[in-house]
Amino acid sequence: MRLISKTTLLYLLLAFIVFSLGGVISLEQFKKAVSQETDYELMGAYFRTKEEVKKGNVDAIVTSKYLEIMPLESNFQYDTTQAFTLRDTNIYLKRTEQVETFRKLIGFVSHGDQHYRVEIIDIFFEDADLKSVVNNITMRLFLFLTIGLIIGSILISKFIFRPFEQILQAIEGFRLSSDEPFKMPPTNTREFQQLNRFLERMTTKARMDYVALKEFSENASHEIQTPIAIAKGKLELLQESSDLQENQLRLIQSAQHSLTKLSKLGQALSLITKIENQEFISANPINLSQIVAHSTQNFSELATLKNIAVEKKIQENVQIKIDPTLADILISNLLKNAVQHNIEGGRIQVQLTSNQLVVENTGKELNQEPEKLFERFQKNQQSSKTLGLGLAIVKKICDLNHMQIHYHYKDRIHSMKVNF
Amino acid sequence: MKILIVEDEKELQDNIVSYLANGEFVCETANNFQEAQDKLYGFQYDVVVLDIMLPDGNGLHILQLLKEEAPETGILIISAKNALDDRLKGLDMGADDYLTKPFHLSELNARLKAIFRRRKLQGQTSLQFEEIDIDTNKREVQVAENPVVLTLKEYELLLFFITNKKRVLTKQAIAEHLWGDHVDYLDSFDFVYQHIKNLRKKIMSAGGNNYIHTIYGLGYKFGTNG
């Protein structure tokens, strides 16, 4: 939900509560004022009647259902200081077919010794009328306020919040790796200016860190790989000499191996650094089916030589957003793993659907906890064959691209599931 | 074949020169951007081996210069950066190939010869070694005029051997040449052995001699005598 819709709705909710309360309070106030007014009117009518009766014009008083005057027994006594009382009374009205509350005055008047009882009922306001008037006013005000708020919120989002929307757009378009300056909309709102300044500082800093780390990892890679290249070259020149014994050649071979391992280690670590530095952010979807098919093809030869059967079920044209190099590394590492930890005469099954990649292979049970599988330098056997970084890289790639990877083992089948 | 090696690391330069000087190469070297520029203005080279990380300038500028001034020269980039954008940029700008440090000198040798074959010997696409004939265009092999059907990997292996004849090739170098970075474990050496066994069998059954000599503890050597 948009910010402006949220605030507008909240305002409306508040307004609704305020107006409801206001309506109730107004109704009470109105009632009070009206009933006071009614009381005065009733009292006025009573006093006029009293004057008339005093003068002896009882018969001249027009009685109706609102005013009744009844003669009383001559021995009736009443307190002349409290000659009338006011009270509420419920009367059934034929017109509205409802019982309604009216104000009623009961008083006593006298002409000489003849006393009369007077009952006057107000004819001015009915309770229901009052309610509907207050309701009507409140509803109309609320309607006007609602319209006003909606128009207001549209204007606010169009003019006042405009820079905010633009800032959001700029943030969404921000790429660490691009050189494009981070364009902020000009604004004279103080809070937005603050936000702009802060974002400008942060993005500049982030870009500087990104470039610094990128350069560092490239330079580090250069500084490590160059001496390895020199040493490997020297060994290669040495092995060309014609007068070497077999055991000397073995020494060269062994040195070559260690150097190759060191070099691969450097490459793998620098790859991890690059993934962590988000140097492989891709906005374009690629055809994963092709990459999986191609990789499986590449590895099937290695698998055949190890007597491993490769089955593949690849759904056509599976598109996901990932850097193509990383996709290739991800799949290669999973397949490499499946070949490497397989058994003679084993099996590999590769399955790709629109939201899942599953690589299953036969193999011996792990002798370590599966949770550690994706950590760096965790190897099943402390063998010198592998670096122990393949699955760590796989995990990094999955994390970067918001994919989940799960491992499980059952019936001598290792299964790696990548969900995207 | 005349080549210029542009590499600031003296030791690496020496390695390349010593290795290539054994074969049919004439090597010259340049230690920095300036020297490379001077030599390229002064002389003609068949292939330039170019390190793109030079102390006094980006090697990609030399690439640009070469494309403008001597488009017929082949270019092989070597870099330790392994940065993807540099690799793509280099190939986009017209480099023929790209090698990441550390590389096997035998691999460099094979790649240089492949560039030379593509660029300089346009008309001539056949490679010969004794009774073995390879048509690199059609990817066809004949041994003593009998056609031999090789798998892609066997073909690549034979080509690698012939371009590196009389040199010691380790199983590691062969494995990396055939499968690239995908194989970095010892298992792959058995695969190399399998392929070599098959290749040897196919050549010999077509009436060829055995030119693949095993060097115990190290690898293989291709030639008329071990």
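**Where chain A meets chain B**

Reply: At the meeting of the two chains, 36 residues of chain A are in contact with 35 residues of chain B. The model is a predicted one. On the chain A side, the elements that give two or more residues are helix H4 (190-240), helix H5 (246-276), helix H6 (288-305) and helix H7 (324-340). Of these, H4(A) gives the most, with 15 residues. By class, this side of chain A has 16 polar, twelve charged and eight nonpolar residues.

H6(A) lies across the strands E6, E8 and E9 of chain A, and runs at about 175° to E6(A). These strands belong to an open sheet of five, in the order E6-E8-E9-E11-E10 of chain A, with mixed pairing. Strand E6 (309-314) and strand E10 (404-410) of chain A are the edge strands, each pairing on one side only. From one strand to the next, the twist averages 10°. In general, the strands of a sheet pair through backbone hydrogen bonds, in either a parallel or an antiparallel manner. Within this sheet, strand E8 (residues 347-353) and strand E9 (residues 356-362) of chain A are antiparallel and share six bridges. One residue pair can be picked out by name: A:Thr353 has A:Gln356, in E9(A), as its bridge partner.

Leaving aside residues up to four places away in sequence, A:Leu334 touches A:Val359, A:Val394 and A:Met416.

A contrasting part of chain A is strand E2 (residues 84-93). None of the ten residues of E2(A) is buried, so this strand lies largely in the open. E2(A) runs antiparallel to strand E3 (residues 98-111) of chain A, and ten bridges join the two. Across this pairing, A:Arg87 stands opposite A:Lys104 of E3(A). The hairpin of E2(A) and E3(A) has four residues between its strands, and there A:Glu97 takes a positive phi near 55°.

In chain B, helix H3 (residues 59-69) has as its buried residues B:Gly59, B:Ile62, B:Leu63 and B:Leu66. These residues lie on the same side of H3(B), because they cover an arc of only 105° around the axis. An α-helix has 3.6 residues a turn, so residues three or four places apart point the same way.

Chain A has eight helices and eleven strands, and 23% of its 420 residues count as buried. Chain B has eight helices and 14 strands, and 42% of its 226 residues are buried. Among contacts with a separation of 6 or more, residues 24 or more positions apart account for 67% in chain A and for 60% in chain B.

Methods: Residues are numbered from 1 along each chain as its sequence is written. Chains are lettered from A and ligands numbered from 1 in the order in which they are written. This is a predicted model: local features need pLDDT of at least 70, side-chain atom pairs count only at pLDDT 80 or more; totals for chains, interfaces and linings use all residues. A residue is buried if 20 or more other C-beta atoms lie within 10 Å of its own, exposed if 12 or fewer, and partly exposed in between; C-beta atoms are placed from the backbone. Two residues are in contact if their C-beta atoms, placed from the backbone, lie within 7 Å. Ala, Val, Leu, Ile, Met, Phe, Trp, Tyr, Cys and Pro count as nonpolar, Asp, Glu, Lys and Arg as charged, and the others, Gly among them, as polar. Two strands pair if DSSP finds at least two bridges between them. Axes are lines fitted to C-alpha atoms, for helices over the stretch in contact, and angles run from 0 to 180 degrees between N-to-C directions. The arc is that of the directions from the helix axis to the C-beta atoms.
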